[in-house]
Amino acid sequence: MVEYVMGFYNYWICVVLLMIGFYAMISKKNLIKKLIGLHIFQTAVMLFFISTSVKRGATVPVAFHRQGELLQAIEVQQFMNPLPHVLILTAIVVMISTTGVALAVLLLIYRRYKSLEENEILRSIR
Amino acid sequence: MRVLALLIVLFTGGLLVYGIEDMPRWADPQSPPSVHVSPRYIEKTVEETKTPNMVTSVLADYRGFDTLGEVTVIFTAGVACLLLLRKETE
Amino acid sequence: MIDRYENIVIQTICRILIPFVQLYGLYVIMHGHYSPGGGFQGGVILGTSFILLMLAYGLEASLRRLSLKALTVFGSLGVLLYSGIGLVSLLMGGNYLDYGKLPLPIASIAEIRAMGILGIEIGVGISVMAIMTTIFLAIASYDTAGEKNG
């Protein structure tokens, strides 16, 4: 039982964060609260992906060096997997771009409809 | 409405927890992501590109084409923001 | 529109701190080979220094130092530098973005690849700095009441 929990607890934490973000996206009526829910969802997906790159007893993926020359030979079991870190750097930049453009669109909506609540905007469209 | 949203969220959470049983364990050195391509990147990074930081050498040298796409994405987001929020002149 | 912050402590502290923040951002870009860091992280730190200038001194005083036209030129310059290095590699007979064929006067192939990595990280840093400041500027100088509209 303890082995089962210790094997999977990082995924459970990410699922809890995913569900918090998902609930905020589908049940809140203010548009900015929906945007914050989307942000939480993206952060939870990034945590989930990076947590698959850890190895037992491993350190940061930077080799031991002194001014560019290696101090000891590189062993694969000693360093973390660098590939998920690279992919998540791209995902962070995409998150920034999405949030920036979404905030610009929200400013235009406020100027046109004078409100940021979903039911008032839908009522003034019909 | 809120009760319906809560039920949907709990159902999706239950499905995800049920599907987690096939994932590799926490901190397993023999998990599939760490076995196929990463040992080559970790071993050859200093002798092929004199860069002890493995993340920078993979990001900028071995996978440099994806980073070109990413710089294009952030440039497009900046241009989109400027186009949406211009001052209206006559 | 963001106005000047009317408190002399904040104005003095921001004036002293901004050059040090920019120096730290340049260090993070240049030291990306040997410690965690690189182009994106250093570019965001450099963009943060300009946002601090806008928050402390108001939008008009900052736009006199760094106009919107200069920001768009910097944003395009970063992408041009990145694609330009790839194009030089293509013209010298290798693949696109193959740093081994750049015409630099250095002996070993591994060191030429390290210089190619440094070149594209500088391009990425310049572009990210300009776009961060542009997004903040566009959102902050938009009047939602529509009173300046013709």
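**Figure 1. Along its sequence, chain C runs α-α-α-α-α.** This chain has 5 helices and 0 strands; helices (H or I, at least four residues) and strands (E, at least two) are DSSP runs, numbered from the N terminus. The radius of gyration of chain C is 19 Å, well over the 15 Å that the globule rule gives for 150 residues, so chain C is more spread out than a compact globule. The radius is taken over C-alpha atoms, and the globule rule is 2.2 Å times the number of residues to the power 0.38. The C-alpha atoms of chain C fill a box of roughly 60 × 40 × 20 Å along the principal axes.

The model is predicted: local features need pLDDT of at least 70, side-chain atom pairs count only at pLDDT 80 or more, and totals for chains, interfaces and linings use all residues. Residues are numbered from 1 along each chain as its sequence is written, while chains are lettered from A and ligands numbered from 1 in the order in which they are written.

**Figure 2. Helix α2 of chain C spans residues 39–57.** Its 19 residues reach 28 Å from first C-alpha to last, close to the 27 Å expected at 1.5 Å a residue (1.5 Å times one less than the number of residues). Buried residues of α2(C) include C:F40, C:I45, C:L46, C:F50, C:M54 and C:Y57. A residue is buried if 20 or more other C-beta atoms, placed from the backbone, lie within 10 Å of its own. Among the elements covering the buried residues of α2(C) are α3 (83–113) of chain A and α5 (109–140) of chain C. After α2(C) comes C:G58, with a positive phi near 90 degrees.

**Figure 3. Helices α3(B) and α5(C) pack at an angle of about 85 degrees, with axes 10 Å apart.** Axes are lines fitted to C-alpha atoms, for helices over the stretch in contact, and angles run from 0 to 180 degrees between N-to-C directions. The two helices are therefore roughly perpendicular, a term for angles of 65 to 115 degrees. B:T56, B:S57, B:A60 and B:D61 of α3(B) make the contact with C:R113, C:I117, C:I120 and C:E121 of α5(C). Two residues are in contact if their C-beta atoms, placed from the backbone, lie within 7 Å.

**Figure 4. The contact between chains A and B takes 44 residues from chain A and 41 residues from chain B.** On the side of chain B that touches chain A, α4(B) gives the largest share, 8 residues.

Key:
A residue is buried if 20 or more other C-beta atoms lie within 10 Å of its own, exposed if 12 or fewer, and partly exposed in between; C-beta atoms are placed from the backbone. Angles under 35 degrees count as roughly parallel, over 145 as roughly antiparallel, 65 to 115 as roughly perpendicular and the rest as oblique.
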